[in-house]
Amino acid sequence: RAWVNGNNFTNQQRQACESVGIQVIGVYELLYWDEHDFFRFEHAKGFGLPVWIDCEANASGIPAYVINGIIEGTINQLGAQAAGIYTGRWWWVPYTGDTHQFSYLPLWYADYRNPNFDDFAPFGNWHRPTIWQYSSQCLNPVVCDLNVWDTQASGNGGGNGNIIENMLPVALLGAAGLLYL
């Protein structure tokens, strides 16, 4: 994430990555459903990179239409920098009412099991994720959260399941550590 509890770790992470030839391809930021979300996403935009909207924080008691409105407002705030939605079925269906409103954006799917793009159960009108996060395991103090990228997927629909794991030395910036893809 680009900003956590008033601490900005992402400048250090970006410099560290770039100093060893790792290309930083984006930022992710969590929606907390509070009055500080706008500020956090403005900060994330400041990197000039695509921003993934992380939808997994507890939103109990907030009606789906309010949650969907906040997501839409965040996408509008990011404009062309809106990269996609990070979420899992376990969160999306109950909190958004399984809205299809955002399926034009790519899905970064959180589901901690062996990734099989052909076995993906559609939700939110996403028929295939672009990225599948399949583990929260840390390989070392820096590399956490294991992901695979379906190079053929794009938003609603997707490709033929050509998965390239750790295909390039690329990373997404986040306060808790770097997510290598």
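Biologist: In this predicted model, is Trp52 buried or exposed, and what is its relative accessibility?

Modeller: Trp52 counts as buried, because its relative accessibility is 7% and the cut-off for that word is under 20%.

Biologist: How should I read an aromatic pair, and which ring does Trp52 form one with?

Modeller: A pair of aromatic rings is described by two things, the distance of the centres and the angle of the planes. By the rule used here the count comes to 14 aromatic pairs, and one of them is formed by Trp52 and Trp108, which stand edge-to-face at 5.4 Å centre to centre with 80° between the planes. Trp52 lies in strand β2 (residues 51–54) and Trp108 in strand β4, so this pair ties together parts that are 56 residues apart in sequence.

Biologist: What is the relative accessibility of Trp108, and which way does Trp108 point from its strand?

Modeller: Trp108 counts as buried, at 0% relative accessibility. From strand β4 (residues 107–110), Trp108 and Ala110 point one way while Leu107 and Tyr109 point the other way, and all of these residues are buried.

Biologist: In what sense do β3 and β4 pair, and over how many bridges?

Modeller: Strand β3 (residues 82–87) pairs with β4 in the parallel sense, over 3 bridges, and Thr87 stands opposite Tyr109 in β4.

Biologist: Where does Thr99 lie, and which residues does Thr99 touch beyond four places away in sequence?

Modeller: Thr99 is found in the loop between α4 and β4, is buried with a relative accessible area of 13%, and touches Asn68, Trp92 and Gly124.

Technical notes: Residues numbered from 1 in each chain as written. Predicted model: local features only at pLDDT ≥ 70, side-chain atom pairs only at ≥ 80, totals over all residues. Heavy atoms only, no water. Buried < 20%, exposed > 50% of the residue type's maximum accessible area, 1.4 Å probe, protein only. Helix = DSSP H or I, 4+ residues; strand = E, 2+ residues; numbered from the N terminus. Pairing = 2+ DSSP bridges. Contact = heavy atoms within 4.5 Å. Phe/Tyr/Trp six-rings, centres within 6.5 Å; stacked < 30°, edge-to-face > 60°.
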